[in-house]
Amino acid sequence: MRALLLMLVVLSLVATGGMAEPAAAAEPVAADSAKPSGKAAKTKPPKKKPVEKKTKKTAPAPKAKKKPAAPPPPPNPYALPKGHKRAAAAKLYEAILGMVREKKWEQAAVALDALRQSRHGGEWAARGHLLSGIAYLRLGREEAAASFLGKAIGAFPLLEDDLRWEWAEGLFEREKYAEAKEQYTKLIAYYAAPMEKPGLAPGEGAPSEGTSVVPGESVQPKEAGVAPAESAPPKKTGIVPGEGAHHHDAEVRVIECLIALGKYKSALAEASTLRKAHEETFTGPHPREGDLLWLKGLAYRRLGDTKREAALLAAVPPLCPDCHFLSAAERRLRELRALGLVEPPESAGALLAQIAPKRVLWAFDEILELIDRWENQDPAPAGLDPETSAKLRYARGVALTGAQRYEEALAVFRALSADPTAPAERGDEYLNQTAKALGRMNRLEEASRAYLALADRFPDSSYAQNARFMGGWILGADPKLRDKADGLLREFIDAYPRAALTAKAMWFRGWYAYQDGDFDRTLAQFHELTNAFPRSAFPNACRYWIGRIHQKRGELEQAKRYYVFLAGERRFTYHRLLAASRLEEMETIENAHLLPEPMRRQAEAETAVDVADEEVEAYYGERLEEWENERRQREIDMPYSLDRFREGQAAYVRDVAGRVEKSWRPRAKRLDETAEAWRYLFPDLAKARQWEAVGLDEEAHRALARLTLRLMASKKKIPVLRSGSTTPEGERLLQARGAALDAVKPDVFVDLMGAFLRQGDHALAFRVYSKLMDRRLRRLIPWKLGERFLYPPAFHTPIVENADRFGVPDDLIVAVMHKESWFDPDAISTVNAIGLTQVMPATGDRIAAGMGDDAFNRSQLFDPAVNIRYGTWYLAELLKKFHGQWPLAIASYNGGPHNVAVWMKRNPDLEWDEFLECLEFAQTRDYVKLVLKNVAAYRWLYTGHYTAWDLLKPLDYTYENNINW
């Protein structure tokens with residue numbers, strides 16, 4: 001029975017699913033589960049307590065203190081209210097442009113953030129990116145700048161090279177060399193990329209339908225509105241390889257970055273690759289060749305190879321005075337020489353290659369030291385072939401002449417002339433240098449014989465004609481030899497009746513006669529010269545001295561006619577200045593007790609006037625009226641003073657600025673049209689307009705300056721670069737530029753001048769007027785205004801500052817600068833004189849020593865502020881030496897104070913006009929006359945007084961010894 005009951009219970013449990021797993025205890029049944037039948041369902045098993053794991057007791061965690069909420073950022077002071085109108089955003093943008101022009105970068109950055117967040121900010125988004133990038137770059141926040149500059153490059157593709165250069169330079173200055181190198185590399189790739197539209201025909205590139213020509217925005221189809229992708233292949237507009245404003249500088253910077261990063265071998269490899277690529281594309285050395293050699297030397301120094309460093313620095317070419325590292329290279333080279341680490345050149349050819357650029361710099365002592373060290377090395381150089389030996393001896397002789405060691409130079413050249421092994425075809429050069437050395441030693445008859453021997457023995461030489469002229473001319477410096485000089489010059493005139501030197505020979509024949517007091521012969525010679533060469537530089541000089549002879553003879557009416565002809569002409573000339581002074585003299589002393597006896601007798605006799613010069617007679621009446629008008633005006637005006645001169649210049653600047661501003665709107669419109677038409681030929685104009693539109697006037701000015709350089713080069717049909725591009729693409733572009741300028745309208749140049757005048761740059765306006773506008777175009781501008789363009793108040797502020805500092809009159813400084821460089825800060829002469837006042841590098845070193853400027857670097861001479869300061873200091877010393885006598889200081893600035901002192905000893909007891917004709921260097925004679933003429937022109941244009949220096953006062957022949965360079 002029990003077994004039956006047990007079976008029934010089991011079956012019931014199976015049926016209800018209540019049977020547990022065999023190894024597990026029975027689980028309690030839930031109260032809502034199906035209830036089994038029978039007694040077993042009435043009882044519930046007790047609940048088991050859950051087993052707790054034993055854990056270590058820990059202290060309760062402290063409650064975290066709530067951090068105080070960060071204060072909300074201060075409201076942007078330039079934020080615009082919600083729902084503002086477009087006019088409010090436009091007004092904010094104009095305020096931002098003012099901040100940019102005043103260089104308030106922090107304020108500009110904050111205001112640009114407000115403009116971006118404004119309701120209408122999208123309208124100025126592209127310009128805002130550009131300005132924000134520049135602002136953050138100036139503030140040293142490169143990460144923020146990078147974001148904005150990347151967008152700006154997409155929106156302004158024409159400005160890519162300038163923007164990348166600014167970007168890279170900002171990184172370089174903050175020593176972030178890896179990032180800077182990346183940007184420099186991208187810039188180089190941009191310049192190397194093909195142009196968008198090479199080889200254009202004149203006029204191509206005009207705006208097409210559907211394009212926007214808004215100043216300051218890139219020219220793109222209106223419907224595009226999308227910036228070019230960064231990954232697109234770079235293309236540029238109107239720039240051939242090597243012509244980019246920053247191309248060669250970026251190449252050098254890449255190497256600098258590698259050295260700064262410690263990658264010296266990579267820097268050397270990059271420099272070699274760069275030079276090889278340059279040789280494949282261009283003619284001539286790399287424009288930054290000297291800097292590349294310095295950097296390679298620096299890399300070898302870091303690698304511990306001072307031998308290679310010394311070899312490279314010895315080859316740094318002084319033909320590149322604008323090399324940034326030239327002074328550093330020379331200092332380091334002196335250190336290495338003192339340590340005995342600089343080895344002489346390996347061969348005579350290498351030695352001659354080092355001498356050539358030093359000769360151009362007049363570094364004669366360095367040349368002699370270099371030759372001596374090479375010849376005296378141990379072991380001695382192997383035997384040289386006769387031609388190379390002659391070249392070395394010739395180089396030594398030229399250096400000795402330049403170092404004023406004339407006896408030694410003479411011995412060298414005479415030995416070469418007598419040496420049968422020396423190349424016979426160079427005999428004319430040896431004789432020419434022999435004669436030059438004899439002349440510098442004042443052995444005039446020997447010098448004359450040497451010149452005439454050259455002309456006789458080498459009649460086909462390029463020196464022959466000049467040597468025959470010199471053979472006669474050089475004797476005229478000695479009063480005892482003037483008759484012989486006259487005969488030889490007459491023979492020259494007979495042999496070369498129409499040569500360029502013939503007019504000069506006729507002039508000196510007449511001048512020698514004047515010095516001897518033979519006035520009849522002088523008059524005959526000067527009248528003959530005036531008739532034979534009416535378009536040469538001599539007729540007005542002849543007329544002045546004819547007038548002087550009549551004045552000396554007391555023939556006052558005849559003298560007055562010649563003086564009036566010169567003083568009444570419109571052009572500013574040296575002889576106009578002299579004639580005006582003589583007319584003042586005649587009016588002051590005529591019929592007074594100061595009048596010399598011959599002149600008084602002649603004035604009383606009132607002899608008939610006999611003037612043989614037809615041109616003088618034809619224009620006498622007209623020019624007399626002009627002269628009398630000027631004289632009456634001078635009587636009304638106050639006396640001349642520097643204060644009046646400065647005020648006159650300031651008044652002109654204000655006046656011309658007002659005129660330009662009044663007419664600027666139509667000019668700006670025409671400039672924009674020209675910029676678009678020239679977008680592929682001269683992209684700098686479009687770049688300038690874009691820079692100006694965003695308020696970055698300095699960048700706009702630099703672009704316009706580059707444009708002027710390219711326009712001047714295209715006008716002359718010459719390449720812009722010192723190393724000309726040889727690629728067909730570059731040749732086509734240069735031809736297209738020249739053709740475009742041939743057909744250009746005068747308004748283009750006038751508008752360009754207006755742009756410079758609006759920026760306050762009278763120097764570049766002067767270059768446009770004088771270099772790009774021919775006489776036909778200049779006639780469109782009123783004469784006096786045009787003359788002020790030719791004699792502008794350029795660099796007025798630094799001139800006034802240095803004039804007050806060193807006690808040199810403003811008008812003298814600006815007149816010297818006008819003659820020296822035509823206001824070109826980057827001017828380099830054939831003898832490597834640099835900058836506005838054309839300071840020679842060696843002279844710059846001496847001036848720096850005199851001023852105590854230990855940090856001077858020759859490349860600083862391209863900085864207008866430094867150059868004007870150095871040139872003014874030198875002028876001040878020359879004025880001190882010659883007791884304030886302007887003509888002597890001016891002559892010394894060009895010919896050297898030592899030579900002026902020699903000429904004063906040779907020509908005593910002369911009046912000013914006579915002494916200045918006796919300066920023995922033709923270049924110095926012309927230089928003094930031009931500078932004095934410039935002073936007179938500046939004074940007349942800005943004060944109404946036509947004076948320069950009182951040439952009637954006696955000449956003081958004493959001088960100080962403060963400076964004798």
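This is a predicted model: local features need pLDDT of at least 70, side-chain atom pairs count only at pLDDT 80 or more; totals for chains, interfaces and linings use all residues.

Residues are numbered from 1 along each chain as its sequence is written, and side-chain values use heavy atoms, leaving out hydrogens and water.

Q: How are α17 and α18 oriented, roughly parallel or roughly antiparallel?
A: Helices here are DSSP runs of H or I with at least four residues, numbered from the N terminus. Helix α17 (residues 427-440) packs on helix α18 (residues 444-457) at about 165 degrees, axes 8 Å apart; axes are lines fitted to C-alpha atoms over the stretch in contact, and angles run from 0 to 180 degrees between N-to-C directions. Since angles over 145 degrees count that way, α17 is to α18 roughly antiparallel.

Q: Is arginine 582 buried or exposed?
A: Arginine 582 sits in helix α25 (residues 574-589). Leaving aside neighbours within four places in sequence, arginine 582 has contacts (heavy atoms within 4.5 Å) with Tyr544, Arg548, Gln551, Tyr563, Glu911, Asp913 and Leu952. The labels go by relative accessible area with a 1.4 Å probe, protein chains only: under 20% is buried, over 50% exposed, in between partly exposed. At 2%, arginine 582 is buried.

Q: Which residue follows α37?
A: Helix α37 (residues 796-806) has buried residues Pro798, Ile799, Val800, Asn802, Ala803 and Phe806. Their cover includes α28 (642-662), α38 (810-821), α39 (841-851) and α40 (864-881). After α37 comes a residue with a positive phi, near 75 degrees: glycine 807.

Q: How many residues apart are arginine 86 and glutamate 123?
A: Their side chains meet in a salt bridge at 2.5 Å, N to O; the rule is a side-chain nitrogen of Lys or Arg within 4 Å of a carboxyl oxygen of Asp or Glu. Arginine 86 is partly exposed at 40%, and glutamate 123 is partly exposed at 41%. Arginine 86 belongs to helix α2 (residues 86-101) and glutamate 123 to the loop between α3 (105-116) and α4 (125-138), so the pair links distant parts of the chain, with a separation of 37 residues.

Note on methods:
Helices (H or I, at least four residues) and strands (E, at least two) are DSSP runs, numbered from the N terminus. Angles under 35 degrees count as roughly parallel, over 145 as roughly antiparallel, 65 to 115 as roughly perpendicular and the rest as oblique.
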